[in-house]
Amino acid sequence: MASTNQLCLVLVIFLSVFSLSSLLTSAIIPKANVSLSIPSSQLVENLCNGKAIQNRRFYLKALSTPEVIVAMDTTQLGTLIMKLGAANAKATLNVYNEIIKKPGSPQALKALNCCVEVYKYAILSFEMVSSKLVEDPQTANYDVAVIGLEIANCEKELINAKVQAARLLAGNRFMKYYV
């Protein structure tokens with residue numbers, strides 16, 4: 001029964017996240033040389049063939065790392081996806097930290113600092129969820145959903161402060177894939 005819940009959790013995460021946007025794969029991607037020439041596992045294939053998946057090629061590419069391909073079950077796959085989410089959050093946090101160093105308005109600085117805190121929270125949450133997935137999939141699902149709300153707050157702050165940075169917006173959209 002637990003494996004059914006875990007499969008549902010992984011499917012819900014991916015189907016909802018990946019159907020949110022048709023963002024190209026040129027967004028902020030974790031430091032991994034991903035190539036479509038790496039064959040995907042049957043587990044990844046099954047996940048990417050879901051009806052809600054709108055950009056199958058993107059998902060196959062994002063999930064074609066050697067670590068993901070060797071995932072033996074949905075729990076391992078979900079754990080690895082959360083680790084990829086943490087890596088993406090770290091990469092996006094680095095972009096925020098770079099932009100904060102540049103001169104800007106007090107409102108922009110406030111919004112950027114808000115987003116830095118959101119991304120610190122996201123990193124910790126993704127890392128925690130990757131370990132919690134085995135013990136309590138429902139709580140893990142809730143924790144991931146909260147990350148999405150925080151990213152939405154970050155985006156709202158950026159819009160209100162009139163911060164226009166394509167790299168930040170792309171990072172935020174890409175982060176939603178993991179949520």
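Modeller: A disulfide is a pair of cysteine sulfur atoms within 2.5 Å. This is a predicted model, and the structure holds one disulfide.

Colleague: Which cysteines does the disulfide join?

Modeller: Cys-115 and Cys-154 are joined, at 2.0 Å from S to S. The pair links distant parts of the chain, with Cys-115 in helix α6 and Cys-154 in helix α7, 39 residues apart. Cys-115 and Cys-154 are both buried.

Colleague: What is the handedness of the disulfide?

Modeller: The torsion about the S-S bond of Cys-115 and Cys-154 is about 110 degrees, so the disulfide is right-handed.

Colleague: How do I read the packing of α6 and α7?

Modeller: Start from the angle: over 145 degrees counts as roughly antiparallel. Here α6 and helix α7 (residues 137–160) pack at about 170 degrees, with axes 9 Å apart, and are therefore roughly antiparallel to each other. The residues of this contact of α6 with α7 comprise 21 nonpolar, two polar and five charged.

Colleague: At what angle do α5 and α6 pack?

Modeller: Helix α5 (residues 74–100) and helix α6 (residues 106–135) pack at an angle of about 165 degrees, and their axes are 8 Å apart. α5 and α6 are therefore roughly antiparallel too. Their contact residues divide into 18 nonpolar, eight polar and four charged.

Colleague: Is the crossing of α5 and α6 left-handed or right-handed?

Modeller: The crossing of α5 and α6 is left-handed.

Note on methods: Residues numbered from 1 in each chain as written. Predicted model: local features only at pLDDT ≥ 70, side-chain atom pairs only at ≥ 80, totals over all residues. Heavy atoms only, no water. Axes fitted to C-alpha atoms, helices over the stretch in contact; angles between N-to-C directions. Helix = DSSP H or I, 4+ residues; strand = E, 2+ residues; numbered from the N terminus. Parallel < 35°, antiparallel > 145°, perpendicular 65-115°, else oblique. Left-handed = near helix turned anticlockwise from the far one by under 90°. Nonpolar A, V, L, I, M, F, W, Y, C, P; charged D, E, K, R; others polar. Buried < 20%, exposed > 50% of the residue type's maximum accessible area, 1.4 Å probe, protein only.
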